[in-house]
Amino acid sequence: MLDIEDSIRDQINHDLDCTEASPREMVGLLQQRKIAGDDDRCPTVEERLKENYRSPAKRNRPLRGRIVHR
């Protein structure tokens with residue numbers, strides 16, 4: 001998997017189009033994962049965007065520079 005990631009990053013860094021190769025390679029990796037016995041479902045883009053990676057301290061801190069309407 002890291003080889004594919006390196007390959008895609010290299011294409012991107014050289015301003016090459018990797019849109020065709022990337023999905024094909026990822027489907028191959030998913031098939032290999034299923035063959036190996038991993039049947040976990042991959043999260044959708046929407047699910048990934050809803051995840052909160054901020055630390056609890058930052059999550060509950062009041063916003064700085066908030067505009068107050070009078």
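**Salt bridges**

I found Asp38 in a salt bridge with Arg33, their closest N and O atoms 3.5 Å apart; the term takes a side-chain nitrogen of Lys or Arg within 4 Å of a carboxyl oxygen of Asp or Glu. I'm working on a predicted model, where local features need pLDDT of at least 70, side-chain atom pairs count only at pLDDT 80 or more, and totals for chains, interfaces and linings use all residues. Numbering starts from 1 along each chain as its sequence is written, and side-chain values use heavy atoms, with hydrogens and water left out.

I checked exposure next (buried is under 20% relative accessible area, exposed over 50%, partly exposed in between, with a 1.4 Å probe and protein chains only). Asp38 is partly exposed at 28%, and Arg33 is partly exposed at 28%.

I then looked at Glu47, which bridges to Arg41 at 2.9 Å between the closest N and O atoms. Glu47 is partly exposed at 32%, while Arg41 is exposed at 60%.

Lys50 and Glu46 also pair, at 3.2 Å, N to O. Both sit in helix α3 (residues 45-50), four residues apart, about one turn, and both are exposed. My search of the whole structure gave three salt bridges.

**Helices and burial**

I counted four helices and zero strands (DSSP runs numbered from the N terminus: H or I of at least four residues, E of at least two). Just after α1, Asp15 takes a positive phi of about 55 degrees. Of the 70 residues, 9% count as buried.
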